[in-house]
Structure formats: structure tokens, C-alpha cells
Amino acid sequence: MTMAGRVDAVARPEARAGRWWQLVIGIVCMAMIANLQYGWTLFVPPIDDKYNWGKASIQVAFTIFVLFETWLVPLEGYLVDKYGPRLITLIGGALCGISWVMNSFASSLAMLYTAAAIGGIGAGAVYGTCVGNALKWFPDRRGLAAGLTAMGFGAGSALTIIPIATMIQSRGYEQTFLYFGLGQGIIVVLLSLFLAAPPPGYRERVMANVPLSVRSTRHQYTPREMLKTPVFYLMYLMFVLMASGGLMATAQLAVIAKDFGVADTPVSILGLTLPALTFALSMDRILNGLTPILRLGVRSDRAREHHVHRLRARRRGDLSA
């Protein structure tokens, strides 16, 4: 029996009927909020065509969204610890739905910016809660849990890029905002009712079946301890640099494609033909969703398993100390 299998056996009944469902719920919730960030670029040209506000002014809304989505996550994490994941995700899902409904009626930049702030708060609440809850349910497989949950956010919009682009063309961006906003928000709200934090003592029971050599390296840092470690600031800087470039490209992709006149150019790969912009966005989302599993789920958990095997081999005298 694998380590994961032994842990599930020890953690029954929570693990058997609980933690994998919690992971799936979190992944679906992440997929439902992904379009607020990754589908935004499709709406910029039609909004500008209708109101002539200028693309730069419209994209300020995206900046506001990202700021509220990210900088409030520590506060939202504190609220999750105090009130539980269900309430915070429910509120976050409702705010995400309200945001896009407001976008469908927005007739001024002020309203567009307000909707962006509301959506950012909601998306950050759902994102932070789902990732944190997954890690709490999988203290023994944190890489896998984080990778799969991040995959939901990265690849979640891949399935809806084509429907959103098609609906904008056929029924206008207003109705697209309205119906997708309502649909995504309602799904998150309903799924939030099934979210739950692990019961008291769950982590200790799970980690009791993990080798002591691995357990001893898994110190749970407090926020104060984390802020005192240089590696935190290095990782933070790396993430800011990576995310800044990625988000700028993602937010401007439709604008760039339209300016170059290639947005509707047919592209055929492996027998599938789509407009260039739709194809690029779909491939971007698919690959963005797959890489978290590789870099978080596979590599980190394999490294941990390799570390365990080496320690066991040393104890048997197979490797020199």
C-alpha cells in the first residue's frame, strides 16, 4: 500500500468520504472564478467600441481587480480560520456573480471600477479559501493538493473561452457578462455549502502515518516566523515578477490581436480550426493549468518520496552517510 493509501486508511471516515470531495469542490470553485481574470480580455474591445472610453481607461478596471484579488487574501485567510471556509466562499461566490452582473449594466467607468473591486474581493476570497482548505485536508500531499487546485484556476477558463467568445459575437458582451456571471456565481455559492475544514486533530492523525524523518522537516510557520525568513521575500519577488508579465499579456491579448488584425484569422492545429485569438487563449489556459501539477504536485511530492527512500536506505547501510 502506498503512503497516500495508508494515510487514507488511518484518516477514515474523514478521508474516505471527505478530503477528496473537498479537493474536487475546491477545484470546481476555482474554475468558476477563473474567467474574472482570464476571460476579461475578450470584453475590452466591445466595451470600448460601445462607449469609446479608451482601452487604457477600461484596463484600469483589471488593475483594480488584481489589486483587490491579491492584497486582501491575508485578511480573508484570517476570516477563514475564524468563520470557516463555507461562509467565506459563499460570500466570495456571491460577490463574483454580482461583479459580472454589474459589468453587464455598467454605463460609466466608475461603475466598471466598482464592479472590478467587488469581483476582486470575491475572487480572492474563493481562491485563498480553496487553496488553504486543500492544504489543510492534505498535509501529507501538499504538492498534489496545491497543484490540482491551482490547475482549476489556470485551466478553468479553457472550457469557457469558446462559449464566451461566441456569445459576445452573437448576443453582445452585456448578456455574456450577465449570464456567465449569474451561472458562475450560483455554482460557487451552491458548492460552498459543502465545504468544510478538517476536524480537530485531523492533521495529527494523518501525519502520524508519515515517516518521522519527513514529519520533522514540516514545521508549521506562524505568520511572524514566515516574515522573518529571507526566502519568503525572495519567493514573493519572484512571484510578483512572474505574475506581472503574465497578467499584462493575458489582459491585453485580445487588444493586441485586434490591433494586429489577426484576432479572427483561422488557425488549424491537429484538425481543429479556430480564430487565432480564441485558439491562443484556449491553449494558454490549458497549458497554464497543466504546469501547476508538474511543478507542485509531481516534483515536490516525488522529491519528498525520494528523500524518504534515501533515509531508509541509509538506515539499512545501503548508502554512506
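Reader: Which helix gives the most to the lining of the largest cavity?
Author: In this predicted model, local features need pLDDT of at least 70 and side-chain atom pairs count only at pLDDT 80 or more, while totals for chains, interfaces and linings use all residues. Residues are numbered from 1 along each chain as its sequence is written, and side-chain values use heavy atoms, with hydrogens and water left out. Helices (DSSP runs of H or I, at least four residues, numbered from the N terminus) H4 (55–71), H6 (85–105) and H7 (109–137) each supply at least two lining residues. With 4 residues, the most comes from H7.

Reader: How much space lies in the largest cavity?
Author: A cavity is a set of points on a 1 Å grid over the protein atoms alone where a 1.4 Å probe fits but cannot get out, and its lining residues have an atom within 4 Å of a point. The structure holds 1 cavity of 30 Å³ or more. Its volume, the space filled by probe spheres set on points joined across faces, edges and corners, is about 100 Å³.

Reader: How many residues of that cavity's lining are charged?
Author: The lining includes Leu36, Trp40, Phe62 and Phe65, as well as Ser99, Trp100 and Asn103. Ala, Val, Leu, Ile, Met, Phe, Trp, Tyr, Cys and Pro count as nonpolar, Asp, Glu, Lys and Arg as charged, and the others, Gly among them, as polar. By this division the lining of the largest cavity has 9 nonpolar residues and 3 polar ones, and the number charged is none.

How values were computed. On a 1 Å grid over the protein atoms alone, a cavity is a set of points where a 1.4 Å probe fits but cannot get out, and a pocket is an open set with protein on both sides within 12 Å along at least five of seven lines; lining residues have an atom within 4 Å of a point.
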